[in-house]
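Trainee: Could we go through this structure together, one question at a time? I would like to see it first.

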Amino acid sequence: MSNNFWHQRFDFLFARCALICADEMALKLFNTLSRSIQEFTPLDPAGKTIGMYCCGPTVYDFAHIGNWRTFVFADLVRRYLEFKGHAVTHVMNITDVEDKIIKGVRETKKPLHEFTGQYEAAFFEDLKALNCREPHHKPHATEYIPQIIALIEKLMARGVAYQAADGSVYFSIEKYRAAGHTYGRLLKLNFDELRPGERVKNDEYAKESVADFALWKAHTPEDGEVAWDSPWGKGRPGWHIECSAMSMKILGQSFDLHLGGEDLIFPHHEDEIAQSEGATGQSFVKYWLHGAFLLVEGKKMSKSLGNFFTLRDLLAKGFTGREIRYLLLTAHYRETFNFTLDGLQGARTALARIDECVGKLRERAGGTAAAPDTELANAFTAALDNDLNISAAWGAVFEWVRKMNRSLAAGAMMAAEAASALAAWEKIDSVLGIGLAVESEAPPELQALILERQRARQAKDFKRADAIRDELKSKGWVIEDTVKGAKLKKL
Ligand code: AMP
Ligand code: ZN
């Protein structure tokens, strides 16, 4: 065979390999809109900036562990995009007026913001305890009433909304479809089963009761003092229009990513698409990501079954935010996850293995600095690029732990090698957000401060790190840096 043949063959294989490698570098995500795994390409022609909206909490109660699965999933998406060099604008709204909130206000006789404020404050404390990055924008629905009204006016002007005899304003699915739009983009709907002309005023309804949904709800005596003036009289917004108004105001008419739990696919997200595209005539969101539900001990969470846990309930049982975050991050986001207390014990054991290995590496490295080793980061990236395959990512982490332990036990690891391994761990931990164990009896909010100090030190923001140390001191705690990580001791 001629040399030329082998050259051509080699060139072909080389080109193919380059293609495959380039392909492997691309992030692929399951888009509910196309019902398929697609390569993620931002709307920004430079491929750098990303607009991401995640439906936030409805602040009528403490967030439960199922809610937290979804918010930790959103944090993973954001952290991974940032790890890949994107500039993410993360928006998470606070739903502070909707049906369940009105019911709570009525029952507790508290003013609206006093009622929602307590749960909102608790939500952000919990978010910190789980080491989720704080969203850049946290809009409240009640602060966006003018934008909501303007959006409904646009829908009226375009003939896809109407005021009914009850005074409320509804979105007309029939008119929207007649204008050439598709209703049922995220979920296939059978319009033969639809009941034309029917209307639904509740925010939540099943797909069997698809009907014109409320954009503006006319005031009723049950609403009490919760009301705003509008061109259609006193009333309050429907839940779905709130998210359309807030997301488009902050991220623009078209943006990259919209996230939420799978229960939001219908009607909430379907209605968001209809309202937004009905008003602007432009494509609303490029990628829709939905996290599967969390079950507790194999069952749907419910107060009567005694399997309903808020984050606070689990912290009170002695588990840490770090252990809970780890457990929530062990399953692929599109798989139903069975949360158990045994699983949390398992999380403790798994984290101890990582901590022990990282502690030994730190000891071996001494003060040596080195560039991160690429092997761990490559395996980790290959896993997460594949529709955020977190189980494979953890597989890579524990394989690395085994390898490091073997090498450390054999006394074969040089200080520079240990430093390089440590740097690799810190790099991927910017996505996992596990950090190092904080050994102390300190309350979770102080432990969150310790984690923040670790991050500040990693980012060489020593000013912030020192400010946190001073803050802890003023609260009566002193930090001791040990090879295993930071320790909080009472002064
Ligand atoms: P809510 O405060 O009810 O509006 O819910 C906040 C977020 O939690 C939404 O994205 C929901 O889809 C999500 N969610 C609610 N229950 C669960 C659950 N059991 N598992 C996972 N996500 C959930
Ligand atoms: Zn929403």
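**Rings, ligands and buried side chains**

Trainee: Is Phe266 buried or exposed, and at what relative accessibility?

Mentor: Phe266 counts as buried. Buried means under 20% relative accessible area, exposed over 50%, and partly exposed in between (1.4 Å probe, protein chains only). The relative accessibility of Phe266 is 11%.

Trainee: Before we go on, I noted that residues are numbered from 1 along each chain as its sequence is written, while chains are lettered from A and ligands numbered from 1 in the order in which they are written. This is a predicted model in which local features need pLDDT of at least 70, side-chain atom pairs count only at pLDDT 80 or more, and totals for chains, interfaces and linings use all residues; side-chain values use heavy atoms, with hydrogens and water left out. How many aromatic pairs does the structure hold?

Mentor: Rings of Phe, Tyr and Trp (its six-membered ring) pair if their centres lie within 6.5 Å; planes under 30 degrees apart are stacked, over 60 edge-to-face, and the rest tilted. By that rule, the number of aromatic pairs in the structure is 22.

Trainee: What angle lies between the planes of Tyr205 and Phe266?

Mentor: Tyr205 and Phe266 form an aromatic pair with 5.8 Å from centre to centre. Tyr205 is in the loop between β7 (199–200) and β8 (212–218), and Phe266 is in helix α8 (residues 265–280), so the pair links parts of the chain 61 residues apart; helices (H or I, at least four residues) and strands (E, at least two) are DSSP runs numbered from the N terminus. Tyr205 is buried, at 10% relative accessible area. The pair is edge-to-face, and the angle between its planes is 90°.

Trainee: Which residue is joined to Phe266 by a cis peptide bond?

Mentor: Omega of this bond is about 0°. The cis peptide bond joins Phe266 to Pro267.

Trainee: How far is the charged end of Lys138 from the centre of the ring of Phe124?

Mentor: A charge sits over a ring if NZ of Lys or CZ of Arg is within 6 Å of the ring centre and within 35 degrees of the ring normal. Arg199 lies over the face of Tyr170 in this way, at 5.5 Å from the ring centre. For Lys138 over Phe124, the distance is 4.7 Å.

Trainee: Which residues coordinate the zinc ion (ligand 2)?

Mentor: Donors are N, O and S atoms within 2.8 Å of the metal (3.2 Å for Na, K and Ca), and sites may look incomplete because water is not among the atoms. In sequence, the donor residues are spaced C-x187-C-x24-H. Cys243 lies in helix α7 (residues 239–251) and His268 in helix α8, so this pair ties together parts that are 25 residues apart in sequence. At 2.1 to 2.2 Å, the zinc ion is coordinated by Cys55 (SG), Cys243 (SG) and His268 (NE2).

Trainee: How much of the area that ligand 1 exposes alone does the protein bury?

Mentor: Ligand 1 is surrounded by 15 residues, the closest being Thr58, Gly66, Thr70, Asp263 and Leu294, where a residue is near if one of its heavy atoms lies within 4 Å. An oxygen atom of ligand 1 is 2.3 Å from an N or O atom in the side chain of Asp263. Taken alone, ligand 1 exposes 490 Å², with accessible areas from the Shrake-Rupley method with a 1.4 Å probe (for residues, only the protein chains shown count as cover). The share of this that the protein buries is 90%.

Trainee: Which side chain makes a polar contact of 2.7 Å with that of His290?

Mentor: A polar contact is a pair of N or O atoms within 3.5 Å; within protein, one must be able to donate a hydrogen and the other to accept it, and residues adjacent in sequence count only if both atoms are side-chain atoms. His290 lies in strand β11 (residues 285–291) and is buried at 7% relative accessibility. With the side chain of His269, His290 makes a contact of 2.8 Å. The 2.7 Å partner is Thr32.

Trainee: What distance separates the C-alpha atoms of Val91 and Pro139?

Mentor: Val91 is in strand β4 (residues 87–92) and is buried at 0% relative accessibility. Val91 and Pro139 are 48 residues apart along the chain. Their C-alpha atoms are separated by 7.7 Å.
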